[in-house]
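The following exercises accompany the structure shown below. Each task is followed by a solution in steps.

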Amino acid sequence: MPTEPWLSRTPAPDAAARLFCFPYPGLGASTYRHWPDRIGGAELCRVQPPGREARRGEEHYGTYEAFAARAADALAPWLDRPFALLGHSTGALQAFALTVRLARRQLPLPARLFVSAQLAPHHGPWGPLLRMTDAQLVTEIGRLTRVMGGAESLATLTAGLRVLRADVTAAQRYSVQLPVPLPVAVHAIGWRDDDQVAPERMAGWAACSAQGTFRRVTLPGGHHAFLDAPPPLLAELAQVIGEFTGDSDQHHIDELSQRRTVARPEVTHRSRAAGA
């Protein structure tokens, strides 16, 4: 067991920077099982919320506000150097809620907030999962299990449904009526073939980003491509992380770029001033 239950392992004390990664709905730290432990000079810190995987005996956090309050306390000791937050799907909302909490408590703030395949909070809640019956969620769990390379069983489907339903309920409860501008640079990541969240629908994140800092990129792949840590995504993250760490890790970026099996994605960078 790690010494810090909110993370899959205790962060290295000598890490130059950290990238805290929030899980996909229904999953925990295993969301990032195929990801490298370091990206662009930053150590990957896999967040493990209560109520799943290694913490399955604990009560679910219930709401994003409760999640953010507990996560802020748990992660505060590790915010002592440059860091970024990253979340895909509802994980992006968890990362956003935590950023709001850190700002209100005047704790260190992330140099970047990476949000993938999720609408801005004031445009939600949104997503097919939020409208699914339990039977449909079980089907989704089975598909997700296969995508993650696991084996389906009655036990995994039953446990998965419990966690996924609780995660979906938390997302349904999260209501942000107006944009919440943060003193943080937001970097929105969309997926060209995403059948759940079209990349252009992520433009609303501009209203949550510090003035003139919003950036948006569209990468090749569908909604679940994120789970496999595709080279275009890792290269994008490494490039941006290098901007605030001073370590561009160019050799690593070039290596990832050479591994791409598709053409370089079209990238669009827009600021709030440009009305992105």
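**Exercise 1: A covered strand**

Strand β6 (residues 186-191) is mostly covered, with six of its six residues buried. Buried means under 20% relative accessible area with a 1.4 Å probe and protein chains only; strands are DSSP runs of E with at least two residues, numbered from the N terminus. This is a predicted model, in which local features need pLDDT of at least 70, side-chain atom pairs count only at pLDDT 80 or more, and totals for chains, interfaces and linings use all residues. Residues are numbered from 1 along each chain as its sequence is written, and side-chain values use heavy atoms, with hydrogens and water left out.

Task: State which residues of β6 lie on each side, and which residues pair with Ala-188.

Solution.
1. One side of β6 carries Val-186, Ala-188 and Gly-190, and the other carries His-187, Ile-189 and Trp-191; all are buried.
2. Strand β5 (residues 112-116) runs parallel to β6 and is joined to it by four bridges; two strands pair if DSSP finds at least two bridges between them.
3. Strand β7 (residues 215-219) also pairs with β6 in the parallel sense, over five bridges.
4. Ala-188 is the bridge partner of Val-115, and in β7 the partner of Ala-188 is Arg-216.

**Exercise 2: Aromatic rings**

Task: Determine how Tyr-32 and Trp-35 are arranged.

Solution.
1. Rings of Phe, Tyr and Trp (its six-membered ring) pair if their centres lie within 6.5 Å; planes under 30 degrees apart count as stacked, over 60 as edge-to-face and the rest as tilted.
2. The structure holds ten aromatic pairs. Tyr-32 and Trp-35 form one that is edge-to-face, at 5.0 Å centre to centre and 80° between the planes.
3. Both Tyr-32 and Trp-35 are buried.
4. Elsewhere, ring pairs link Trp-6, Phe-22, Tyr-61, Tyr-64, Phe-67 and Tyr-174 into a cluster.

**Exercise 3: A helix**

Task: Compare the span of helix α3 with the expected span, and list its buried residues.

Solution.
1. Helices are DSSP runs of H or I with at least four residues; the expected span is 1.5 Å times one less than the number of residues.
2. Helix α3 (residues 134-147) has 14 residues and reaches 20 Å from its first C-alpha to its last, close to the expected 20 Å.
3. The buried residues of α3 are Leu-137, Glu-140, Ile-141, Gly-142, Leu-144 and Thr-145.

Key:
Buried means under 20% relative accessible area, exposed over 50%, partly exposed in between (1.4 Å probe, protein chains only).
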